[in-house]
Amino acid sequence: MFQNHPEIREQFDMSAQADGSQPARLATAVYGYAAQIDNLPALKSMVEKIAHRHVQTHVTPEQYPIVGESLLQAMKDVLGKAATEEVMAAWTEAYQVLSEVFINREHDIYRDSQLCKVC
Ligand code: HEM
């Protein structure tokens with residue numbers, strides 16, 4: 001993803017990539033989401049923290065499908081045979097739902113801080 005999208009690479013703190021702390025935070029968030037999929041209000045504080053960090057680093061709605069493609073491919077690679085069509089279809093749908101939650105919340109934060117480019 002970073003090779004194909006250098007502009008995304010620039011949004012990240014590369015030391016947190018190198019020491020594995022950012023990938024670990026992403027994996028923890030994805031796991032937390034899966035564990036609470038039937039109780040999404042429990043994720044509110046996690047969503048708030050991540051959404052504010054995304055706004056600080058200028059994440060845009062258009063970037064969600066790009067990150068999603070790499071994330072889903074990485075899951076497929078790690079899961080191997082367990083990544084059945086059904087499992088991957090469920091994760092694709094789950095990623096889309098979570099993306100919408102972030103996009104909506106981040107839109108509100110951009111708007112309230114008058115950083116919104118489309119309002
Ligand atoms: C559902 C999808 C996503 C999830 C679950 C997710 C999760 C996270 C988490 C857990 C963090 C760390 C927050 C902290 O500082 O504690 C983070 C930070 C970040 N995310 Fe996301 N993210 C998602 C989508 C995206 C997208 C689409 C982009 C677009 C480029 C993005 C870019 C970033 C950046 C730049 C940071 C800051 C990293 C740093 O400090 O180096 N994320 N995200």
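User: Which helix does His107 lie in?
Analyst: This is a predicted model. In it, the helix that holds His107 is helix 6.

User: Is His107 buried, exposed or partly exposed?
Analyst: A residue is buried if 20 or more other C-beta atoms lie within 10 Å of its own, and exposed if 12 or fewer do. His107 has 16 other C-beta atoms within 10 Å, so His107 is partly exposed.

User: What separates the C-alpha atoms of His107 and His54?
Analyst: Along the chain, His107 and His54 are 53 residues apart. Between their C-alpha atoms the separation is 11 Å.

User: At what angle do helix 5 and helix 6 pack?
Analyst: Tyr64, Gly68 and Leu71 are among the residues of helix 5 that meet helix 6, where the partners include Met88, Trp91 and Tyr95. The crossing is right-handed. The helix axes are 11 Å apart, and the angle is about 145°.

User: Which helix gives the most to the shell around the ligand?
Analyst: There are 22 residues around the ligand, and Asp13, Ala29, Thr57, Gln63 and Val67 come nearest. Helix 3 (21-35), helix 4 (44-56), helix 5 (63-79) and helix 6 (85-112) are the elements that give two or more residues to this shell. With five residues, the one that gives the most is helix 3.

User: How many residues of the shell around the ligand are nonpolar?
Analyst: The shell also holds six polar and four charged residues. The nonpolar residues number twelve.

Notes:
Residues numbered from 1 in each chain as written. Predicted model: local features only at pLDDT ≥ 70, side-chain atom pairs only at ≥ 80, totals over all residues. Near = placed C-beta within 6 Å. Helix = DSSP H or I, 4+ residues; strand = E, 2+ residues; numbered from the N terminus. Nonpolar A, V, L, I, M, F, W, Y, C, P; charged D, E, K, R; others polar. Axes fitted to C-alpha atoms, helices over the stretch in contact; angles between N-to-C directions. Left-handed = near helix turned anticlockwise from the far one by under 90°. Contact = placed C-beta atoms within 7 Å.
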